[in-house]
Amino acid sequence: MRNNRMFALGATLLAFALLGAACGGSGGGGSSTGSTKTIASTFVFGAPPDCATNELCAIGLKKVYGIVFKQIKTTDFGGPITVQALKAGTVQIGELFSTSIYDPTFKALVDDKHLESADNIVPVIRKDADSPAIDTILNAISAKLTTEGMIKLNKQVDIAQQDPAKVAAGFLEQNDLKGSSGSCSGSLTVGVSANFSESKILAEMYGQALEAAGCKVSYQLDLSAREVSDKALFSGQIDLKPEYLASEARAQDAKAKVSGDSENNATILKPLLAKKDVNVLDFSPAIDTNVFVVTDETASKFGLSKVSDLAKPAS
């Protein structure tokens, strides 16, 4: 889930410098949960610092899939240290974000038992700033966003170091998504969920499309975390931001029964934000959540396509 994305990205040189220290071992995973040795019990898992106590990481993998790894090595929150560890073979499986898998030799295992919740990208906007015309413009953008598409857009910023505003403009132009001139009026301030590239790209998409339609748009793209951006949204400091269905629902209610069902998560989020006078618009097909990743070589060697395959007996 998109709770720790702001910590995920760092310079490649830093990744190399820290790899040896970070992968030097943290919590051990132990052997398989039963008497039969599993594939997972032979793997070293490169995981975020909170994995051992995270219900969506080590705890959830054991509870939902019956998976316990040989060892858990602390890397980072879906960032370059995890990537380099996978490439170097110091870990056999790592946790990345579904819209940040840039290496073509990596394979994301299907979460077939739905440990992770569906975190579809969705615009959220203050009721007093919303209008049918604005909804039409923003919902059209959401309809064009896919997980594979977001990977390509994020790669332009994270790897090619392009300006998020330029990347957003290219997407809008390519998909003819700029609103009709005169269909939008008034002033809006567009923010981010948190200070990471994907959220900035999305905020620029929303803002540029609305500006082309006639609205006066300003931006706050340096909001450090969801706690900060939620406060800004609810207070009127910003009017609109991109969010993620499950993560935002849990931010509003830690006991929210989010799941792998996107419609369920939207149904939960809408009344939670309605209490704050915020509308939840159409969610996109694009889902940005934690995924468990192996190299193509590892997938082929062990016959891995889904997470449950890790519980198979080791040969």
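Select Met150, Leu153, Asn154, Val157 and Asp158 in helix 5, which meet Ser197, Glu198, Ile201, Leu202 and Met205 in helix 7. Contact here means heavy atoms within 4.5 Å. The residues of this contact divide into six nonpolar, two polar and two charged; Ala, Val, Leu, Ile, Met, Phe, Trp, Tyr, Cys and Pro count as nonpolar, Asp, Glu, Lys and Arg as charged, and the others, Gly among them, as polar.

The model is predicted: local features need pLDDT of at least 70, side-chain atom pairs count only at pLDDT 80 or more, and totals for chains, interfaces and linings use all residues. Residues are numbered from 1 along each chain as its sequence is written, and side-chain values use heavy atoms, with hydrogens and water left out.

Axes are lines fitted to C-alpha atoms, for helices over the stretch in contact, and angles run from 0 to 180 degrees between N-to-C directions.

**The whole chain**

Zoom out to see 11 helices and 10 strands. Helices (H or I, at least four residues) and strands (E, at least two) are DSSP runs, numbered from the N terminus. Of the 315 residues, 53% count as buried, meaning under 20% relative accessible area, with exposed over 50% and partly exposed in between (1.4 Å probe, protein chains only). Among contacts with a separation of 6 or more, 79% are between residues 24 or more positions apart.

Next, find the open sheet, whose five strands lie in the order 2-1-3-10-4 with mixed pairing. Two strands pair if DSSP finds at least two bridges between them. At the edges are strand 2 (71-74) and strand 4 (106-108), each pairing on one side only. Neighbouring strands are turned by 35° against each other on average, direction ignored.

Select strand 3 (residues 93-97). Parallel to strand 3 runs strand 1 (residues 44-47), joined to it by two bridges. Phenylalanine 45 has isoleucine 93 as its bridge partner, and glycine 46 has glycine 94. With strand 10, strand 3 pairs in the antiparallel sense over four bridges; there, phenylalanine 97 stands opposite asparagine 290.

Which residues of strand 3 point one way, and which the other? Ile93, Glu95 and Phe97 point one way, Gly94 and Leu96 the other, and all are buried. With five of its five residues buried, strand 3 is largely enclosed by the rest of the structure.

**Helix 3**

Seven of its nine residues are buried, so helix 3 is largely enclosed by the rest of the structure. The buried ones are Pro80, Ile81, Thr82, Val83, Gln84, Ala85 and Leu86. After helix 3 comes glycine 89, with a positive phi near 80°.

**Alanine 52**

Finish in the loop between strand 1 and helix 2 (58-65), at alanine 52. Is alanine 52 buried or exposed? At 54% relative accessibility, alanine 52 counts as exposed. Neighbours within four places in sequence aside, alanine 52 is in contact with Ala58 and Ile59. Its C-alpha atom is separated by 8.1 Å from that of isoleucine 72, 20 residues apart along the chain.
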